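This report goes through one protein model. Please look at the structure below before reading on.

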Amino acid sequence: MTAVRAGAAIDVAAVGKRYGQRRGSANVALRDVNLSVQSGEFVSLVGASGCGKTSLIRMIGGLAPYSTGSITIDGDPVRGVPKRLGFVFQDAALMPWRSVRENVAMGLNEISKSLSKSDARSRVHEQLELVGLTKFADYYPRQLSGGMKQRAGLARALVSAPSLLLMDEPFGALDAFTRLRLQEELALIVSESNTTTVFVTHDVDEAVFLSDRIAVMSASPGTVKEVVTVDLPRPRLRRQGLLDNRRAAELRDHVLRLVMEDQDHQHGSGDQDPDSVGSNGVRADEVPTA
């Protein structure tokens, strides 16, 4: 079994993000964002489109620079992609010419030199078992359903036992039934590990089910409006268990009200959506300013 390692602690302090525009002005996407995530916590980012959820998670993961403030992981400033990081995007981004087993093994690249071939095979097998893909290890991405591809992407992200897992709308493109099933599988995985997880979603019920806390973001410019503690008992392994839970309903309604307060304002503004990025994750006119 892969050893359980301590989750990372994240501190986002007074972070801002500006995008340069063609006429020399700057679009302020994020301003004075403050958020602390404790080791082993599951924190979701929710908010209306354009509030900067994706921008923030990419900056935490070292995939995009921030303009002001600081982001640290375990006390170390984020300068580039941190070690022991797993990232799951909405698109699983599997290599089409590699089997599921080979795609998952790619997640070992950072630590491959420290593992024997036997240990590497064991880690890959363990993750395939965890996400229910053992029987499909030799399949290629073209032979998989959308949900199976996301399972493979999650296994690839977890195979190196990361201290931090960043997930950007990983279930957003799936049908409702598959999405519910994968939420339950993720809840099981989280319950068995100490991996710190930051999860971007538009689905408030999903956030309530999975999270220890929910950071609700407002837009124009984006900032953390309120952090809501999800005081529901764990483990939460079945969505069915929350359907008639009064406290879960109260939390969902509170988060929805916070989001909807900004919805009309967001639709009435002409600001560029900082969450709208190309397939390569980079906006065509993105020019970060100091």
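Is A93 buried, exposed or partly exposed? A93 is partly exposed, as its relative accessible area is 39%. Buried here means under 20% relative accessible area, exposed over 50%, and partly exposed in between, with a 1.4 Å probe and protein chains only.

## Model and confidence

This is a predicted model, in which local features need pLDDT of at least 70 and side-chain atom pairs count only at pLDDT 80 or more, while totals for chains, interfaces and linings use all residues. Residues are numbered from 1 along each chain as its sequence is written, and side-chain values use heavy atoms, with hydrogens and water left out.

The pLDDT (the predictor's confidence in each residue, from 0 to 100) averages 84 over the protein chain, and 85% of the residues score at least 70. Residues 270-290 have a pLDDT below 50; this stretch has 41 contacts in the model beyond near neighbours in sequence. A contact means heavy atoms within 4.5 Å.

Helices (H or I, at least four residues) and strands (E, at least two) are DSSP runs, numbered from the N terminus. Six strands make an open sheet in the order 6-7-8-3-9-10, with mixed pairing; two strands pair if DSSP finds at least two bridges between them. Strand 6 (85-88) and strand 10 (223-229) each have a single partner strand, so one side of each edge strand is left without a neighbour in the sheet. On average, neighbouring strands are turned by 20 degrees against each other, direction ignored. Axes are lines fitted to C-alpha atoms, for helices over the stretch in contact, and angles run from 0 to 180 degrees between N-to-C directions.

Strand 7 (residues 164-168) and strand 8 (residues 196-200) run parallel and are joined by five bridges. D168 has V200 as its bridge partner in strand 8. Helix 4 (residues 146-158) packs on the sheet and touches strand 6 and strand 7; the direction of helix 4 makes about 170 degrees with that of strand 6.

In the loop between helix 4 and strand 7 lies S160, which counts as buried at 10% relative accessibility. Leaving aside residues up to four places away in sequence, S160 touches G107, L108, I111 and R123.

## Backbone exceptions

Most residues other than glycine have a negative phi, and most peptide bonds are trans. A93, in the loop between strand 6 and helix 2 (100-105), has a positive phi near 55 degrees. E169 also has a positive phi, near 50 degrees; E169 lies in the loop between strand 7 and helix 5 (176-191) and is buried at 11% relative accessibility.

The peptide bond from R234 to P235 is cis, with omega near 0 degrees. P235 is in the loop between strand 10 and helix 7 (246-268).

## Aromatic pairs

Rings of Phe, Tyr and Trp (its six-membered ring) pair if their centres lie within 6.5 Å; planes under 30 degrees apart count as stacked, over 60 as edge-to-face and the rest as tilted. The count by this rule is four aromatic pairs. F87 and F89 are stacked, because their ring centres are 4.4 Å apart and their planes at 5 degrees. F87 is buried at 14% relative accessibility, whereas F89 is partly exposed at 33%.

F171 and F199 form a tilted pair, 6.1 Å centre to centre with 55 degrees between the planes. This pair links distant parts of the chain, 28 residues apart: F171 sits in the loop between strand 7 and helix 5, and F199 in strand 8. F171 is buried at 4% relative accessible area, and F199 is buried at 0%. F42, F171 and F199 form one aromatic cluster.
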